[in-house]
Amino acid sequence: MKALLVGVGQAGGKLTTALSEFDAEMGFGAVRDALAVNTAAADLDPLPLDTVLIGQSRVSGHGVGGDNELGSELMDEDSIEVLDALAPRMTAEIEAVVVVAGLGGGTGSGGAPVLVRELSRVYDVPIYALGVLPGRDEGALYQVNAGRSLKTIVREADATILLDNDAWRSAGESVEGGYAAINESMAKRVGLLLAAGEATQGVGESVVDTSEVINTLRAGGMAAVGYASSPAAEDAGENVNTVTSAVRSAVMTGLSLPSATDADAGLVAVAGDPDRISRKGAEKARKWLQEETGSMQVRGGDFPMNSDRIAAVVLLAGVERSKRVEEFLERARQAVRDEPEAKPDPATAFHNDEIDDLL
Ligand SMILES: Nc1nc2c(ncn2[C@@H]2O[C@H](COP(=O)(O)OP(=O)(O)OP(=O)(O)O)[C@@H](O)[C@H]2O)c(=O)[nH]1
């Protein structure tokens with residue numbers, strides 16, 4: 001999928017950078033261009049990307065300090081500047097725009113839903129969101145902000161891929177301490193997914209096509225991406241279990257939103273040397289995923305790559321009924337109970353259209 005990335009806020013800018021770098025290192029060419037937008041000049045300065053500073057007349061380049069309503073207002077006021085910066089990058093080859101943001105802060109949390117809405121008004125290609133959920137150790141404000149932002153962005157975007165900071169929390173390590181490694185790992189999942197339909201090596205109808213990724217994401221709502229890999233034998237016949245166990249691990253332990261396995265649609269891309277990929281293994285894995293997700297709509301195919309390993313990239317779409325999402329919303333609800341002055345209950349807001357959301 002030839003994509004244009006827009007990072008909003010600090011996490012958005014860093015993740016967009018990690019994604020662009022992964023795509024370039026792998027030589028995929030799926031990330032065609034990228035831009036970072038922020039209200040804080042200091043967060044934009046270190047990024048190796050073109051940048052747009054918004055809200056200068058109101059916050060003088062100092063950020064919004066976690067106020068996502070202000071983040072949303074500033075994006076609304078300056079969206080023309082952002083759209084102007086994007087216009088020359090929106091060439092005919094672009095198949096999707098991905099707006100990347102941490103949902104728990106201020107600028108990304110408030111600004112990303114506004115930008116998604118504006119982009120959807122102007123362009124016909126799908127506008128996806130890539131949102132980072134705060135870890136459970138992060139403060140109440142992060143949880144509340146993310147709850148409201150999530151509700152709004154899911155409504156505005158064609159699909160919202162969620163990355164849960166807790167999914168990467170290794171024992172004893174703080175989320176803050178591990179951002180660089182977390183971002184690399186997130187970038188690998190999403191970068192492979194974007195590149196899955198771009199594979200040019202190898203032919204055959206079993207190769208995953210960009211339209212299959214887009215059609216899977218048509219389930220809308222929230223999505224998750226999983227990844228796992230293992231060494232493979234040279235002979236495809238010996239790799240039946242290698243393929244099935246890579247797909248299982250991608251879902252059971254490698255998902256960007258852990259346990260989000262109740263899905264409306266799925267896609268399994270088996271990456272590796274086509275001579276090593278077991279057809280039987282790929283078919284078994286697809287059937288297993290149908291059972292695991294309860295969806296009959298599970299697509300599958302190869303992602304030809306030069307490698308002596310076999311990797312599985314799994315996309316699950318329409319995962320909003322999952323336990324993990326409920327857990328997050330309960331956390332946000334609890335945060336509101338603990339800090340009653342912190343805006344409306346995001347969990348109720350998520351399920352109740354009568355309650356105001358961010359936009
Ligand atoms: N995965 C990941 N999460 C991050 C990173 N940086 C911040 N976060 C998370 O993002 C949320 C905070 O959002 P930020 O992007 O820092 O905030 P912002 O959008 O710049 O908003 P303001 O700083 O309030 O203007 C928190 O949940 C952080 O844990 C990062 O590099 N990687």
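How are H5 and H6 oriented relative to each other, roughly parallel or roughly antiparallel? The axes of helix H5 (107–122) and helix H6 (residues 140–156) come within 9 Å and cross at roughly 5°, and H5 and H6 are therefore roughly parallel to each other. Axes here are lines fitted to C-alpha atoms, for helices over the stretch in contact, with angles running from 0 to 180 degrees between N-to-C directions. Angles under 35 degrees count as roughly parallel, those over 145 as roughly antiparallel, 65 to 115 as roughly perpendicular, and the rest as oblique.

The model is a predicted one, in which local features need pLDDT of at least 70 and side-chain atom pairs count only at pLDDT 80 or more, whereas totals for chains, interfaces and linings use all residues. Residues are numbered from 1 along each chain as its sequence is written. Helices (H or I, at least four residues) and strands (E, at least two) are DSSP runs, numbered from the N terminus.

On the H5 side of the helix pair, the contact is made by Ser109, Gly110, Ala112, Pro113, Val116, Arg117 and Ser120. These meet Asn145, Ala146, Ser149, Thr152, Ile153 and Glu156 in H6, where contact requires C-beta atoms, placed from the backbone, to lie within 7 Å. The residues of this contact divide into five nonpolar, six polar and two charged. In this classification Ala, Val, Leu, Ile, Met, Phe, Trp, Tyr, Cys and Pro are nonpolar, Asp, Glu, Lys and Arg are charged, and the others, Gly among them, are polar.

The largest share, six residues, comes from H1. Of the 29 residues around the ligand, Gly9, Gly102, Gly104, Gly105 and Gly106 come nearest; a residue is near a molecule or strand if its C-beta atom, placed from the backbone, lies within 6 Å of it. By class, the shell holds 10 nonpolar, 16 polar and three charged residues.

Helix H8 (residues 210–217) has Val213, Thr216 and Leu217 as its buried residues. Seen down the axis of H8, these fall within an arc of 95°, so they line one face of the helix; the arc is that of the directions from the helix axis to the C-beta atoms. A residue is buried if 20 or more other C-beta atoms lie within 10 Å of its own, exposed if 12 or fewer, and partly exposed in between, with C-beta atoms placed from the backbone. Thr210, also in H8, is partly exposed, with 19 other C-beta atoms within 10 Å. Leaving aside residues up to four places away in sequence, Thr210 touches Met1, Glu95, Gly197 and Glu198. The C-alpha atoms of Thr210 and Ala196, 14 residues apart along the chain, are separated by 7.1 Å.

Gly29 and Met1 are 28 residues apart in sequence and 9.1 Å apart in space, C-alpha to C-alpha. Gly29 is partly exposed, with 13 other C-beta atoms within 10 Å.

Asp78, in helix H4 (residues 68–86), is buried, with 21 other C-beta atoms within 10 Å. Its contacts, not counting residues up to four places away in sequence, are Ile54 and Gly55. Between Asp78 and Leu115 there are 9.9 Å from C-alpha to C-alpha, at 37 residues apart in sequence.

Backbone geometry is the last topic. Most residues other than glycine have a negative phi. Ser60, in the loop between helix H3 (56–59) and H4, has a positive phi of about 50° although it is not a glycine. With 11 C-beta neighbours inside 10 Å, Ser60 counts as exposed. Ser259 likewise has a positive phi, near 65°; this residue is found in the loop between helix H9 (240–252) and strand S8 (265–272). With 17 C-beta neighbours inside 10 Å, Ser259 counts as partly exposed.

How values were computed: Two residues are in contact if their C-beta atoms, placed from the backbone, lie within 7 Å.
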